[in-house]
Amino acid sequence: MYQEEGSISFLSVAKQKLLILQSLVNAGFNVIYMDSDIVLFKDPVYDLLQYPESFVFQMDRQECTGFFLTRPRKDAEETINCALNYILIKFMINTQWYTV
């Protein structure tokens, strides 16, 4: 279901996605994440694994979090933690705004 970016429901879904990602990366797994509305015309694994970086994102005008690869590395773990902290701050701001 589509969630308006920045809404409480969007932040909640993003948080859950990141918590699952964090668990898998911390357990030592490479993770390929793909939103359910993406259609593949060929297997992307070979192409993705050609990049040595910790994160490999689909690019539109900016990084797209609907399709990416992440590897179990310290910088990936730190990036995920930063993203979770960002969501927590945004959630607190939005929740305070709605309750004023």
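Leaving aside neighbours within four places in sequence, Leu18 is in contact (heavy atoms within 4.5 Å) with Ile80, Ala83, Leu84 and Ile87. The structure is a predicted model, in which local features need pLDDT of at least 70 and side-chain atom pairs count only at pLDDT 80 or more, whereas totals for chains, interfaces and linings use all residues. Residues are numbered from 1 along each chain as its sequence is written, and side-chain values use heavy atoms, with hydrogens and water left out.

Leu18 belongs to the largest nonpolar core, a group of 12 residues that also includes Leu11, Ala14, Leu21, Val25, Val31, Phe55, Phe68, Ala76, Ile80, Leu84 and Ile87. Such a core is a set of buried Ala, Val, Leu, Ile, Met, Phe, Trp, Tyr and Cys residues joined through side-chain atoms within 4.5 Å. Buried denotes under 20% relative accessible area, exposed over 50%, and partly exposed the range in between (1.4 Å probe, protein chains only). Helices α1 and α3 each supply at least two residues of this core, and α1 gives the most, with five residues. Helices (H or I, at least four residues) and strands (E, at least two) are DSSP runs numbered from the N terminus.

Phe91 lies in helix α3, which spans residues 74–99. Apart from its neighbours within four places in sequence, Phe91 is in contact with Ile8 and Leu11. The C-alpha atoms of Phe91 and Ile8 are separated by 6.4 Å, although the two residues are 83 residues apart along the chain. Phe91 counts as partly exposed because its relative accessibility is 34%.

Aromatic rings were also examined for pairing. Rings of Phe, Tyr and Trp (its six-membered ring) pair if their centres lie within 6.5 Å; planes under 30 degrees apart count as stacked, over 60 as edge-to-face and the rest as tilted. By this rule there are four aromatic pairs. Phe55 and Phe57 form a stacked pair, because their ring centres are 5.4 Å apart and their planes lie at 10°. Phe57 also pairs with Phe68 in a tilted arrangement, with 5.5 Å centre to centre and 40° between the planes. This second pair links distant parts of the chain, since Phe57 is in strand β2 (residues 55–59) and Phe68 in strand β3 (residues 63–70), 11 residues apart. Phe55 is buried at a relative accessible area of 18%, as is Phe68 at 4%, whereas Phe57 is partly exposed at 29%. Ring pairs join Tyr33, Phe55, Phe57 and Phe68 into a cluster.

At the surface, Ile20, Leu24 and Phe29 form a nonpolar patch with about 290 Å² of accessible area together. Patches are made of residues with over 30% relative accessible area and no salt bridge, like charges being joined within 9 Å and nonpolar side chains (Val, Leu, Ile, Met, Phe, Trp, Tyr) within 5 Å; accessible areas come from the Shrake-Rupley method with a 1.4 Å probe, and for residues only the protein chains shown count as cover. Leu24 is placed in helix α1 (residues 8–26) and is partly exposed at 34% relative accessibility.

The structure holds one salt bridge, defined as a side-chain nitrogen of Lys or Arg within 4 Å of a carboxyl oxygen of Asp or Glu. Lys42 forms this bridge with Asp47, the closest N and O atoms being 3.0 Å apart. Lys42 is exposed, with a relative accessible area of 58%, while Asp47 is partly exposed at 34%.
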